[in-house]
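Let's take a friendly tour of a two-chain model. Have the sequence and the 3D view open while you read.

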Amino acid sequence: MSAHCENGVISNLLKFHNITLSEPMIFGIGSGLFFTYMPFIKMTGIPVTSFRPVPGLIFKRVTKRLGINIKVQKFKNKSTAMNELDTLIEKGIPTGMVVGVYDLTYFPPAYRFRFNAHNIIATGKTNNLYHISDPIMEKIETIKYEDLLKTRFAKGTYKPNGKMYYIKEVPTDININPAIIKGIKHTCKDMLTIPINYFGVKGISILANHIEKWPKKLGERKAKLYLGQVVRMQEEIGTGGAGFRFLYAAFLQESSNVLNIPALNEMSEQMTIIGDRWRDFGILSGRIFKQREKSKSAYNEAANILRDIRTSEESFFKELRKTV
Amino acid sequence: MKKEDVPQNNENLLNGIKEIQYAVDENGKYTKVLSYGWKPKNDALKQAVNVLDEQIEDARLQVLDGSKSPLFFWMLLKQMDYSILKEYTGINKFKIKRHCKPSIFKKLKNNTLEKYAKTFDISLNDLKSVPKETIYSLEYNFNFKLENKEIQ
C-alpha cells in the first residue's frame with residue numbers, strides 16, 4: 001500500500017531553505033517513476049504492485065543529485081527519538097519523518113491502513129501538540145505527542161523505527177540541469193534494463209498475463225480484490241493520477257523549458273497519452289468490480305490494455321534515453 | 001488528461017479534503033487540479049474496506065460459536081495479524097495463536113491480557129468479549145461512517 005508523499009515533503013523542506021522546486025521536478029530528478037509487480041511478495045494476502053521505488057529512495061537521489069547535505073537518523077529508543085525531534089524544532093529546523101498512517105489521527109479515516117511509509121514534516125510544537133505539514137492535507141495539522149510517537153514506531157512492513165531527516169546545508173547555487181539529465185537516465189534504466197522480469201516494463205507484461213489467469217485460478221471474488229489493489233496503487237493519493245504517469249509528463253514538460261530541449265515536450269505529450277491508457281485500465285477494472293456475473297473476457301480486455309501500455313512505455317523510454 | 005476531465009466523484013472517502021491530480025490546461029500546460037475522487041478508485045478502496053469488515057464479522061461469529069477467542073476478533077479489528085501483534089506485544093506467534101483458542105484464552109493471566117488490551121487500546125473488560133452486533137471497522141475505530149458501502 002502506498003500514500004506517496006516523498007516529493008511533497010522534499011519540496012516543502014527545500015522551501016524552508018528558499019529553494020523552490022516543483023513537485024514534478026523533485027519527482028523526476030529523484031527518478032520516482034517505476035513499475036514493479038511482485039506476485040511472490042504479499043501484503044495482507046495480496047501481491048504487491050507498485051508504481052514507485054522503495055520508500056526513501058527518491059529523497060536520497062534528489063538530495064545527492066542536487067548536492068544537498070542531509071542528516072538521516074533512526075532510533076531504537078522512543079523517548080530519544082522524540083527528544084531529538086524537539087531539539088530540532090526548538091532550533092527552528094523543519095524535520096521530515098517517516099510514519100505509519102494507521103495512528104495518524106488527522107488522516108482521512110478510510111485511508112488509515114497499516115501502511116508505514118508515509119512522510120510528514122514537523123514544523124513546530126505548542127505544549128503537547130506538534131504542528132504537522134502533511135503533503136496530502138490542505139492545511140497544517142496537529143498531532144499529540146503520544147500519537148506521533150506511536151506513528152513513528154509503527155510495526156509491520158517497512159517499520160519506520162523513528163526515522164527522521166532534515167536538511168543540514170544547501171549549496172549556494174544549485175544547478176538543476178545535470179540533475180534532471182541524471183534523473184531521466186536513471187528512470188530509463190529502471191524501466192528498461194533491470195535484469196529481473198518483475199521490474200520495469202517487463203513487469204507490466206507479467207501482471208497482464210497473471211490478470212488473465214486470476215478469475216480461473218482465484219475465483220471471481222479474490223480476482224476482483226487483486227485487481228482492486230492494482231487500481232488502488234495506481235491511483236493512490238500523491239500519485240497525481242495514473243500511477244505517477246501524469247506527474248512524470250508534467251516533469252518532462254517543465255524540463256523541456258529548463259533545458260531548452262523541445263523534444264522533451266513531445267515526450268511529455270506521449271507520456272500523457274500513456275497515462276490516459278492507465279486510466280482506461282482503471283475504468284475497465286472499475287466495471288469488473290461491479291459485475292456480478294462472470295466476466296472473464298473483461299479480464300482479458302484489461303490484460304490487453306496493459307500489454308498495449310507495456311509496448312508504449314518500452315518504446316517511450318527507449319526514445320527518451322536517446323533524447324537526453 | 002485534460003483539466004476539465006479530472007473526475008470529481010465525491011463519496012466523502014477523503015473526509016472533506018481533496019487530492020492533487022496533474023492535468024493539462026487549454027494551452028497544453030500541466031497544472032495541478034484538486035479532485036474529490038474517481039469512481040474506480042473509490043470502488044477499489046471501498047472493496048478493501050468491505051473485505052476487512054467481512055473478515056472481522058467472520059471472526060466475531062467464530063468467537064460467538066466458540067471456535068475462536070475474542071483475541072482473534074480484536075486482532076483483526078485493529079488491522080493486525082499474528083506478526084504485527086507479536087511485534088507490538090513481544091509475545092511469540094505460536095503463543096498468540098494458542099491464545100486465540102477459547103479454552104486457553106480463558107486461563108490467561110491478567111498481565112498477559114493487559115498487554116493485549118493496551119496494544120488494542122481497549123479495556124480489559126472489552127478484550128474478554130465481542131460486540132453483540134455486526135460492527136463496521138471505520139465506525140468503530142475512527143468514528144467514521146462511509147456514505148455508501150456498496151459498490152454501485
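**Helices side by side**

Helices here are DSSP runs of H or I with at least four residues and strands are runs of E with at least two, numbered from the N terminus.

This is a predicted model, in which local features need pLDDT of at least 70 and side-chain atom pairs count only at pLDDT 80 or more, while totals for chains, interfaces and linings use all residues. Residues are numbered from 1 along each chain as its sequence is written, and chains are lettered from A and ligands numbered from 1 in the order in which they are written.

**Helix pairs in chain A**

- Back to that pair: the axes of α9 (residues 245-259) and α10 (residues 262-290) of chain A come within 8 Å and cross at roughly 175°. Axes are lines fitted to C-alpha atoms, for helices over the stretch in contact, and angles run from 0 to 180 degrees between N-to-C directions.
- Among the residues making this contact are Phe246(A) and Leu252(A) of α9(A), along with Met271(A) and Trp278(A) of α10(A). Two residues are in contact if their C-beta atoms, placed from the backbone, lie within 7 Å.
- Sorted by class, the contact of α9(A) with α10(A) has 11 nonpolar, seven polar and one charged residues. Ala, Val, Leu, Ile, Met, Phe, Trp, Tyr, Cys and Pro count as nonpolar, Asp, Glu, Lys and Arg as charged, and the others, Gly among them, as polar.
- Helices α7 (residues 201-218) and α8 (residues 220-235) of chain A pack with their axes 7 Å apart, at an angle of about 145°.
- The crossing of α7(A) and α8(A) is right-handed; a crossing gets that label if the near helix is turned clockwise from the far one by less than a right angle, and left-handed if anticlockwise.
- Trp214(A) and Pro215(A) of α7(A) are among the residues in this contact, as are Tyr226(A) and Leu227(A) of α8(A). The contact of α7(A) with α8(A) splits into seven nonpolar, no polar and two charged residues.
- For α1 (residues 6-16) of chain A and α3(A), the axes come within 9 Å and cross at roughly 35°. α1(A) passes α3(A) in a right-handed crossing.
- Glu6(A), Asn7(A) and Ile10(A) of α1(A) meet Ile58(A), Phe59(A) and Val62(A) of α3(A).

**The sheet in chain A**

- Follow the strands in the order β3-β8-β4-β5-β6-β7 (chain A) and you have an open sheet of six strands with antiparallel pairing. Two strands pair if DSSP finds at least two bridges between them.
- From one strand to the next, the twist averages 35°.
- β4(A) and β5(A) run antiparallel and are joined by five bridges; in β5(A), Asn119(A) is the bridge partner of Val98(A).
- Five bridges also join β5 (residues 118-126) to β6 (residues 129-133) of chain A, again antiparallel. His131(A) in β6(A) is the bridge partner of Gly124(A), and Lys125(A) stands opposite Tyr130(A) in β6(A).
- The hairpin of β5(A) and β6(A) has two residues between the strands, and Asn127(A) takes a positive phi near 50° there.
- Helix α4 (residues 78-90) of chain A lies across β3, β4 (95-99), β5 and β8 (164-169) of chain A, running at about 65° to β5(A).

**Domains and chains**

- Chain A has domain 1 (6-169) and domain 2 (176-323), with bounds from an automatic or database domain assignment. Taken over C-alpha atoms, the centres of these two domains of chain A are separated by 25 Å.
- In chain A, 27 residues of domain 1 are in contact with 36 residues of domain 2.
- Chain B is divided into domain 1 (3-37) and domain 2 (52-142), and 40 Å separate their centres, taken over C-alpha atoms.
- How many residues of chain B are in contact with chain A? There are 32 residues of chain B in contact with 36 residues of chain A.
- On the side of chain B that touches chain A, α1(B) gives the largest share, 10 residues.
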